[in-house]
Amino acid sequence: MEIQKVPHDHGNGVGLEQLLEQLGRAEEFSSVAECFRLLSDPTRVRIFWLLSHREECGINLAAMLGISGPALSHHLRPMRECGLLECRRDGKEVYYRVARRETCELLHRLTEQLLAIGCPLTDGCGGEDTEGLAEELHRYLLEHLADRVTIEQLSQRFHVNATTLKKKFKERYGDSLAAHIHHHRMERAAELLVSTDASIGEIAAQVGFQGQSRLTSAFQARFGVTPSNYRRRAKGKRQREEKNGEKIGKAT
């Protein structure tokens, strides 16, 4: 698209050329408009919101929404075709869930923020059940030890400001969020050193460290030995125990 000058230049300095260039990409705006069009129906918004939180079969979906099977299919078909939903078949049942796409995650967040409703996975975000929030947060972090999740990302996901999130977590677990998860990372690394033959670098990635050297430094500070020495000692101890067990077996 050829960049044109606007009739009135108000001198607001907001990168007019860049804005006009982006406006010329009509197909990109069309894809965004299509997402909003598909969610312009309140029943589809309800379907999208529900399936953002859990996978559900078609029969249950219809019952939860209070609509017939054919009516549900009428809503599901276009949402699947445009990539908002994905499904799988298990026997005669078909299960649906929101697609694992960044677009869907953004739409989910926008929906909850506009409706000012709480996420059922985060009880306590705005009410009295702060223990439920802390436990869900804790469970989420343990499931994502390999990821470097920021406070800002957690705040957005659990719909609570960062200060409150950190405060409630410490009230529940008696330690800061960062220190608590660091402890779990160290324990997980120690477990992997003993139970697997994975390299130190591979283990570092599995517990959220960017490189072997960073894990080695943190591990030595926590356990007083390097990961390699920890593994060597654990292996020697196991061999001694196995040898002693064989001796006892022979003696009996």
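Me: Is E136 buried, partly exposed or exposed, and at what relative accessibility?

Reply: The model is a predicted one, and the class follows from the computed area. Buried means under 20% relative accessible area and exposed means over 50%. E136 has a relative accessibility of 26%, so E136 counts as partly exposed.

Me: In which helix do R188 and E191 lie?

Reply: The side chains of R188 and E191 meet in a salt bridge, at 2.8 Å from N to O. R188 is partly exposed at 30%, and E191 is partly exposed at 43%. The two residues are three apart, about one turn of the helix, and that helix is α10.

Me: Which strand holds R88, the residue that pairs with E55?

Reply: Side chains of opposite charge can pair when their charged atoms come close. The side chains of E55 and R88 meet in a salt bridge of 2.9 Å, N to O. E55 is partly exposed at 29%, as is R88 at 38%. This pair links distant parts of the chain, 33 residues apart, with E55 in the loop between α3 and β1 and R88 in strand β2.

Me: How many salt bridges does a search of the whole structure find?

Reply: The pairs already discussed include E136 with R139 and R188 with E191. A search of the whole structure gives a total of ten.

Me: With which side chain does the side chain of H138 make a polar contact?

Reply: H138 is in helix α7, which spans residues 130-143. Its relative accessible area is 12%, under the 20% limit, so H138 is buried. Leaving aside neighbours within four places in sequence, H138 is in contact with F169, Y173, H180 and H184. The polar contact, at 3.2 Å, is with the side chain of H184.

Me: What distance separates the C-alpha atoms of P227 and A190?

Reply: P227 lies in helix α13, residues 227-251, and is buried at 2% relative accessible area. Not counting residues up to four places away in sequence, P227 touches L193, I200, T216 and F219. P227 and A190 are 37 residues apart along the chain, and their C-alpha atoms are separated by 7.6 Å.

Me: Which element supplies the largest share of the largest nonpolar core?

Reply: This core has 21 residues, of which I47, F48 and L84 touch the most other members. At least two residues each come from α2, α3, α4, α5, β3 and α6. The largest share is four residues, and the element that supplies it is α3.

Me: Which residues does L84 touch, not counting residues up to four places away in sequence?

Reply: L84 is one of the residues that touch the most other members of the largest nonpolar core. Not counting residues up to four places away, L84 touches C35, L38, L39, F48, M79, V98, A99, R101, C104 and L107.

Me: How many residues does the second, separate core have?

Reply: Its members include M186, I200, A218 and F219. Two of these residues, I200 and F219, are also touched by P227. The size of this second core is 15 residues.

Me: What is the accessible area of the nonpolar patch on the surface?

Reply: α2 and α6 each supply at least two residues of the patch. One of its members, V32, is found in helix α2 and is partly exposed at 42% relative accessible area. V32, F36, L110 and L114 form the patch, and together their accessible area is about 390 Å².

Me: What share of the accessible surface of the protein belongs to carbon and sulfur atoms?

Reply: The protein has 13 helices and three strands, and buried residues make up 31% of its 252 residues. Its accessible surface comes to about 16400 Å², and the share of carbon and sulfur atoms is 49%.

Technical notes
Residues numbered from 1 in each chain as written. Predicted model: local features only at pLDDT ≥ 70, side-chain atom pairs only at ≥ 80, totals over all residues. Heavy atoms only, no water. Patch = residues over 30% accessible without salt bridge, like charges linked within 9 Å, V, L, I, M, F, W, Y side chains within 5 Å. Areas by Shrake-Rupley, 256 points an atom, 1.4 Å probe, with all protein chains shown as cover. Salt bridge = Lys/Arg side-chain N within 4 Å of Asp/Glu carboxyl O. Buried < 20%, exposed > 50% of the residue type's maximum accessible area, 1.4 Å probe, protein only. Core = buried A, V, L, I, M, F, W, Y, C linked by side-chain atoms within 4.5 Å. Contact = heavy atoms within 4.5 Å. Polar contact = N/O pair within 3.5 Å; in protein donor to acceptor, adjacent residues only side chain to side chain.
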